[in-house]
Amino acid sequence: MIQIAIMGHGVVGSGVAEVLLKNAKNIARKAGEEIVVKRILDLREFPESPLADRFTKDFEEIVSDPDIRIVVETMGGLTPAYDYVRRCLLAGKNVVTSNKELVAARGDELLAIARERNLNFLFEASVGGGIPILRPLDQCLAANEVYEIAGILNGTTNFVLTKMIHEGMAFEDALALAQRLGYAERDPSADVDGHDACRKICILASLAFGRHVYPQQVHTVGIAGLTRADVQYAEAWGGVIKLIGQAHKRPDGRLDCFVEPMLLPRTSQLAEVNDVFNGILVRGDAIGDVVFYGRGAGKLPTASAVVADVIDEVKHLGARKYLFWEKGEEGYVADYREAESPLFLRLRGGDPTACREGLEKALGPCTPVTAVGAPADECGLVTPPVTQARLDQALRSLEGASVESRLRIADF
């Protein structure tokens, strides 16, 4: 019998307890041991829970209990999660977490502690919820030299964009609908400003390329600035707008890593990933393109991934799984303005013909994009592959025109 503790009894934590109770017999068969929840840490009371007698408000009851060998952290955030997880590892306990903010900010440090003490620190649920991605990336694709990861990593923003694309809704109305349906929080900033997707691409990039990528290194733009006009221009061009987290390994070993709304052609493998679903594309030298698809959040899908990690840790007590990356370093992630790609521009004001001719003189041939009903003083165009830095220089030469939107065009 293996005794565990769960820290946090919110949506995910309560789901973990539910899955462990409901599927106890099958889980024991797969783990080779019965798994018993000894303690649940939460400041609230849950008298109707079948595990009501296991609750505690005192973390010390968990960290100081030698019988608890695995701790599940589902509290979220950095405080007090970082301190609690670190202390559990230092006390010789294996840890499973679903906390993307914790792994993205402190994963290198916590993995190093786990390695020093022959423990496991696992976090499959931190990126794709119930979508298996970290274990396949680390194990099934281990023979590949992975050179790019890109994906729709946030279900809330994907739902909002789907409503804007397919139903013509304004951003504000689509977001309000997402909140009514429970897909978006009352404060949706972590989703719509791109921070959630940023944390997830940091974890994916760190695991795929072996060195920690910190959120502050990743250029991040959310979807709050997108309008119905942007969606109409995307349709006229023949594509859709998706919020994409992307990490690409350069020949010099540095990474291009950013989170931005991007323009995808209809033929893209991610173009038809809609509503609250996530899609993650991994490119390797041997396997080519592999896409992982499914619901990226939710109580039971996420709990399923957490419990799978618990089972894995039970099977590897005293026999550490090799999941590790090195500490990050300054300059490892390149300036996003150095990354070269075609860009879509929507310009307003001035003479549209003169604007296009001015940009073509600086950048080379541009492809015009015309949206139905666009104002007479507005023009859309697609540049040749160019860096943001070079484009900024070219835009400074235009007179009387303002950039209403600028979208990177993806090639996957």
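I count Ala, Val, Leu, Ile, Met, Phe, Trp, Tyr, Cys and Pro as nonpolar, Asp, Glu, Lys and Arg as charged, and the others, Gly among them, as polar. The model is predicted, with local features needing pLDDT of at least 70 and side-chain atom pairs pLDDT 80 or more, while totals for chains, interfaces and linings use all residues. Residues are numbered from 1 along each chain as its sequence is written, and side-chain values use heavy atoms, without hydrogens and water.

**Entry: the pocket**

I looked up the lining of the largest pocket and found 10 nonpolar, 15 polar and 10 charged residues. A pocket here is an open set of points on a 1 Å grid over the protein atoms alone, where a 1.4 Å probe fits, with protein on both sides within 12 Å along at least five of seven lines; lining residues have an atom within 4 Å of a point. Of its 35 lining residues, Val12, Lys100, Glu185, Asp196 and Ala297 lie nearest the centre.

**Entry: strand 2**

I then turned to strand 2 (residues 35–41), a strand being a DSSP run of E with at least two residues. Because 5 of its 7 residues are buried, strand 2 is largely enclosed by the rest of the structure; buried means under 20% relative accessible area with a 1.4 Å probe, protein chains only. Strand 1 (residues 2–7) runs parallel to strand 2 and is joined to it by 6 bridges, where pairing requires at least two DSSP bridges. I noted that Met7 stands opposite Leu41.

**Entry: Ser49**

I found Ser49 in the loop between strand 2 and strand 3, and Ser49 is buried, at 18% relative accessible area.

Definitions and conventions
Buried means under 20% relative accessible area, exposed over 50%, partly exposed in between (1.4 Å probe, protein chains only). Helices (H or I, at least four residues) and strands (E, at least two) are DSSP runs, numbered from the N terminus.
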